[in-house]
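Dear colleague,

Please find below the structure that I am handing over to you. The notes that follow set out what was found in it, and I would be grateful if you read them with the model open.

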Amino acid sequence: MTWKTPVILTCILVVIVGYFFIVDQAGHDKSELEKRIARTVLPYTIEEVDSVHFTNPVGENINFLRDESGWLIVYPTVARGALSTIEYFITQMIPGIKKNEFVPGGNLADYGLFPPYAIVVFFNGTSGRIDTMLIGDSTPLTSQCYVRIGGDDRIFVTRDLTRNLVKKTLYHLREKSFMDLSPDSISAFSVRTGESSVTFENRLGAWLIRGTRIGADKNLIQPYLTGITEAIIQEFAAENTGALSEFGICDSCRDLTLFTDSDSITISFGGTTGDLVYAVRRGTGKVVRLEKKLDRIFDWLDEDVLVMNISYFIPDQVHSLTWETADRSQTISREVDLWKTGSSMPVIITTKNVHYLLTLLRGLVFDSIVTVGEKIDFDAPIGDSTTKISLRDINGQTIDVILISREIDGSEKAASITTGTSGTIKTNTFDEIRRVYARFIREGDSLK
């Protein structure tokens, strides 16, 4: 035997071992795959299901199909399907796990399969299959149920979850979000009740009544907008809008219109029963029921919605303040972190006192609004019972001008540029503001 012989034998052995390993492993893998398939109820997955016809235990027929957006219900109405619900529904049945199988020796009715408890028909376009799954009774003493596929002679035993899933109704399977809209995308909204309407618009983060500078309470408006955009449909009352009056809905009776930069959505509200209110979103053609709290917007009174602040300036942006009365004018200015009088011999004024005055002015509110959106002459001569306060930014631009006055009858009024509104204020506010400023004057150039 030469040295070549062992080498040749070794190579042959390697080839033989490799061949048997590859073939045997492939055969083993194939066997395991066949066993897994044999244990499944249907030999494919949800990705291959194109449409489903479903008859639930109460006899309701529901058909839905896959489209580019997910699932679309096409019968008994046309509506978006609830993606997560439908996909969970299908994946719990396909491929399905056989716990057992047998050929019934008796009547199919003994297993709840004649007639079946529910029927699900899967359409598989990939393989050209149509499979009808008949769901029967629960098995005795176990959490399983009987299932039959089409005309197959066998009955399969599978998880009882299958039987529980088919209790779904049209309401469960359809999309229940009232709208697909972010509250942050709403730039304005209008509320109409009969002939009356008001529109609110968002200007740089503040909600104002359109056409005025009157503010509206952001802490009231923002939660409502979040609630309406995230509303869940509690009930589908009608699949068409042919008889809206039956639900207390009429044109312009109670309408809410939400505006975005590119679109608008109008919702008409109707009557209420219990904790729910009827509503229609224009363009959908369906009457639904929402939580009643969503129609509270029509009960808002002016004093509930309006922010009755006299001014809207931001104290930290103020770099100079001019105080004017009928006989005197004085300006104090901020230089870096110090405030000084504008006299020939400037005097430093305590910063915390200036901040106190600005905070006091920013917090003033109307008791009632007298004029809205009318021209107020802030350049008119200052009367004996009027104080004019002008606020400017670092560039000398006017931030706001506030007028505070006492009327002949003793009442007090205020107005500002930022609101464009005048109204009455709490008695003694006039004197309180003057007293606070007098402290600064005593610290400054001792104005009497």
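Strand 10 and strand 11 run antiparallel and are joined by six bridges. Within this pair, Thr 193 stands opposite Ser 196 of strand 11. Please bear in mind throughout that this is a predicted model.

The two strands belong to an open sheet of 10 strands, whose order is 14-18-17-16-15-10-11-12-13-19 and whose pairing is antiparallel. At its edges are strand 14 (235-238) and strand 19 (306-307), each of which pairs on one side only.

Helix 5 comprises residues 218-229, which is 12 residues. From the first C-alpha to the last, helix 5 reaches 16 Å, close to the 16 Å expected at 1.5 Å a residue. At the start of helix 5, a side-chain oxygen of Asp 217 comes to within 2.9 Å of the backbone nitrogen of Asn 219.

Which residues of helix 5 are buried? They are Ile 221, Tyr 224, Leu 225, Ile 228 and Thr 229. These residues lie on the same side of helix 5, because they cover an arc of only 120 degrees around the axis. What covers them includes strand 10 (188-193), strand 11 (196-203), strand 12 (206-209), strand 13 (215-216), strand 15 (254-259) and strand 16 (264-273).

Five of the seven residues of strand 6 are buried, so strand 6 is largely enclosed by the rest of the structure. Strand 6 pairs with strand 1 in the antiparallel sense over five bridges. Two of the facing residues can be located directly: Phe 54 stands opposite Val 120 in strand 6, and the bridge partner of Ser 51 in strand 6 is Phe 123.

Strand 6 is also joined to strand 7 (residues 129-138) by seven bridges, and these two strands run antiparallel. Here the bridge partner of Val 120 is Met 133 in strand 7. Strand 6 and strand 7 form a hairpin with four residues between them. In the turn, Gly 128 has a positive phi of about 70 degrees.

**Helix 2**

Where helix 2 (residues 83-91) is concerned, the buried residues are Ile 86, Phe 89 and Ile 90. They are on the same side of helix 2, because they cover an arc of only 90 degrees around the axis. Their cover includes strand 1 (51-55), strand 2 (61-67), strand 3 (70-75) and strand 6 (118-124), together with helix 3 (161-165) and helix 4 (170-173).

**Cysteines**

How many disulfides does a search of the whole structure find? The search finds one disulfide. Cys 250 is joined to Cys 253, with an S to S distance of 1.4 Å. The link of Cys 250 and Cys 253 is left-handed, with -100 degrees about the S-S bond. Cys 250 is partly exposed, at a relative accessible area of 31%, and Cys 253 is partly exposed as well, at 29%. Cys 145, by contrast, counts as buried, at 0% relative accessibility.

**A loop residue**

Asp 379 lies in the loop between strand 24 (368-372) and strand 25 (386-392). Is Asp 379 buried or exposed? With a relative accessible area of 70%, Asp 379 is exposed. The C-alpha atoms of Asp 379 and Val 401 are separated by 9.8 Å, and the two residues are 22 residues apart along the chain.

**The chain as a whole**

The chain has eight helices and 28 strands. Of its 448 residues, 41% are buried. Among contacts between residues at least 6 apart in sequence, 58% join residues at least 24 apart.

Yours sincerely,
A colleague

Technical notes: Residues are numbered from 1 along each chain as its sequence is written. This is a predicted model: local features need pLDDT of at least 70, side-chain atom pairs count only at pLDDT 80 or more; totals for chains, interfaces and linings use all residues. Side-chain values use heavy atoms; hydrogens and water are left out. The expected span of a helix is 1.5 Å times one less than its number of residues. Buried means under 20% relative accessible area, exposed over 50%, partly exposed in between (1.4 Å probe, protein chains only). The arc is that of the directions from the helix axis to the C-beta atoms. Contact means heavy atoms within 4.5 Å. A polar contact is a pair of N or O atoms within 3.5 Å; within protein, one must be able to donate a hydrogen and the other to accept it, and residues adjacent in sequence count only if both atoms are side-chain atoms. A disulfide is a pair of cysteine sulfur atoms within 2.5 Å. Two strands pair if DSSP finds at least two bridges between them.
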